[in-house]
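Here is a short briefing on the strands, helices, cores and backbone geometry of one protein model. Keep the viewer open and follow along.

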Amino acid sequence: MLCLFLLIKIFPVTYAFDRYPRNINADVIHYEFDLAINDSTDRIDGRASIKIKILNDTDSLSLDLIGRKNTGKGMIVTNVSLNDQNVKWKQKEESLIVFFNNQLRERDTLEIIVDYNGIPSDGLIISKNKYGNRTFFADHWPDRAHCYLPCIDHPYDKASVDFVITAPGRYKIVASGILVEESDLADNKKLTHWSEAAQLATKVMTFGAAEFAVRSAGIVSNVPVWSWVFPENRKEGFYDYSVAVRPLEYFSKLIGPYPYKKLADVQSKTIYGGLENAGTIFYSENSVTGLGKAEGLIAHEIAHQWFGDCVTENDWYHVWLSEGFATYVTSLYFESFEGKERLKSDMESARTRVLKYYEKNPEPVIDTTLTNLMDLLNPNSYQKGAWVLHMLRHDLGDSIFIKGLQLYYDRFYNSNALTEDLRNVMEEVSGRNLEIFFRQWLYTKGQPELRIWHEKGKKKGTIEVYIEQKQVPLFEFNLELLIKGNSIDRIDNVAVKKKITKIVIPLAADVVITPDPNVNLLFKQY
Ligand SMILES: [Zn+2]
């Protein structure tokens, strides 16, 4: 996702990570959400059919669902059945407990059907777009799906999903997956059914209902690419979103086959700049300008289809596996078209953001002290995550690094991964032990803070170069030094490990030394 921080700031989410502990009893296999929306109220009428595999013997199960609050918003459950038999249930503030008549056994699979209704407090944005037209847009990230959908609202539990939406006939409905039915019903209503067979986290399942203009932007390796924009933006939107075929083609070649059956780029009311819903990306309504300015945003969200959507972090703390990856492979995309200088300039501005953020937030990328999921959308997850990949690439070399990305994608396809899974893959392809690399850049706060100076050597005809690490703890890294003088112009690669590293260079004349001329190290210079 690419977020608009201003919007985030006013968005009052205060969820703690352990508020939704892992559901040890259930693994959702499939959701079908049948939802009826209308024009006279913001109430939705829902039926969720949830196929579940039981993981431990149990006589009850808990699903995430926000109940009705004093505000009048939230969901009221009216009936729950299990394999066609009504069962008892209880709603709590943010959960639905379903009780079974008999104890269920490990490995049983069952289908729970939940009938419910209510006005969503969040997660489904029912509002008017900038042209004054009523729209409905799901907006689940990070765990806002359970504001209106009974589910296990955590990225580790992935499932396939169907959305069956009944809406007034004037709406076009877009959703995760492929279109399997669009039928006119009585009373000028329309039923639209989309089905996604791939395993998705709830954060990237989606549907939207609005008056749309829809046009093909092309086909990339048999994947149709569609632009869905507000009819008032038909010309500008089709132009801006048509660029999507380029990153789709590039990432398919770089990483591996695109994981979904279609790509829809959708103008929407997401609170973010863009939200990487699987196969059905939502962009803010102002992303359309007609000036072709959205390429970076579109490339970022498309990159998420591989990293974040198909390979999903198993735990929120590892969200850099989504955001750092999307940020860095987008830089690779621009590098491939514009060259090395573009990548250098991207990494320089990313470094500035990381260092600035660190001044006020001295925390590691994997920060287990965070209690607000929205706080994960920070420069550590995006820019520092991108820097970790950039340095890994420099350490391992381009071909091994890319091989690692491809293997990581292939191994955790449609599944979940943690940072250690990435490390294992990178160690496997490189034959290297990367324990120190991963520990210091991801689990340790900060980065090298270096004082670098040189003086005339004690031995005649030499100079001594000193590199002092000011921060604690010390890091291990290679630092490139550009050494320039009358008769010299070369880059030396210095292994730095200790507090003070000294190298002696046989040189009589004075030189100018520039650290990291090719922008390959995340560090701060004193
Ligand atoms: Zn992102």
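Strand β12 (residues 172-175) pairs with β15 in the antiparallel sense over 4 bridges. Strands pair here if DSSP finds at least two bridges between them. Helices (H or I, at least four residues) and strands (E, at least two) are DSSP runs, numbered from the N terminus. The model is predicted: local features need pLDDT of at least 70, side-chain atom pairs count only at pLDDT 80 or more, and totals for chains, interfaces and linings use all residues. Residues are numbered from 1 along each chain as its sequence is written, and side-chain values use heavy atoms, with hydrogens and water left out.

**Strand β15 and its partners**

- K172 has A210 in β15 as its bridge partner.
- β10 also pairs with β15 in the antiparallel sense, over 2 bridges.
- F137 stands opposite G208 in β15.
- Both faces of β15 (residues 207-210) are covered. F207 and A209 on one side are buried, as are G208 and A210 on the other. Buried means under 20% relative accessible area, exposed over 50%, and partly exposed in between (1.4 Å probe, protein chains only).

**Nonpolar cores**

- A nonpolar core is a set of buried Ala, Val, Leu, Ile, Met, Phe, Trp, Tyr and Cys residues joined through side-chain atoms within 4.5 Å.
- The largest core holds 154 residues. Y31, I52, I112, F207, I302, W320 and Y408 touch the most other members.
- Helix α5 (residues 320-338) gives this core its largest share, 9 residues.
- A second, separate core has 14 residues, including W141, L275, M374 and L377.
- Beyond its neighbours within four places in sequence, F207 has contacts (heavy atoms within 4.5 Å) that include L35, L124, F136, Y148, F163 and F282.

**Helix pair α5 and α6**

- The axes of α5 and α6 (residues 340-360) come within 7 Å and cross at roughly 150°. Axes are lines fitted to C-alpha atoms, for helices over the stretch in contact, and angles run from 0 to 180 degrees between N-to-C directions.
- The two helices α5 and α6 are therefore roughly antiparallel, a label for angles over 145 degrees.
- Y328, S331, F334, E335 and E338 in α5 meet K340, R342, L343, D346 and M347 in α6.
- By class, this contact has 4 nonpolar, 1 polar and 5 charged residues. Ala, Val, Leu, Ile, Met, Phe, Trp, Tyr, Cys and Pro count as nonpolar, Asp, Glu, Lys and Arg as charged, and the others, Gly among them, as polar.

**The five-strand sheet**

- 5 strands form an open sheet of mixed pairing, in the order β16-β17-β18-β20-β19.
- β16 (213-220) and β19 (274-275) stand at the edges with a single partner strand each, so one side of each has no neighbour in the sheet.
- β16 and β17 (residues 223-229) pair in the antiparallel sense over 7 bridges. A213 stands opposite V229 in β17.
- Helix α2 (residues 234-241) lies across β16, β17, β18 (263-268) and β20 (280-284), at about 145° to β17.
- Helix α4 (residues 295-306) lies across β18, β19 and β20, at about 150° to β20.

**Backbone geometry in loops**

- The W141 to P142 peptide bond is cis, with omega near -5°. P142 is in the loop between β10 (134-138) and β11 (159-168).
- V472 and P473 are also joined by a cis peptide bond, with omega about -5°. P473 lies in the loop between β24 (463-469) and β25 (477-485).
- N83 has a positive phi, near 45°. N83 sits in the loop between β4 (74-82) and β5 (85-86), and is partly exposed at 48% relative accessibility.
- D84 has a positive phi near 75°. D84 is found in the loop between β4 and β5, and is exposed at 73%.

Definitions and conventions
Angles under 35 degrees count as roughly parallel, over 145 as roughly antiparallel, 65 to 115 as roughly perpendicular and the rest as oblique.
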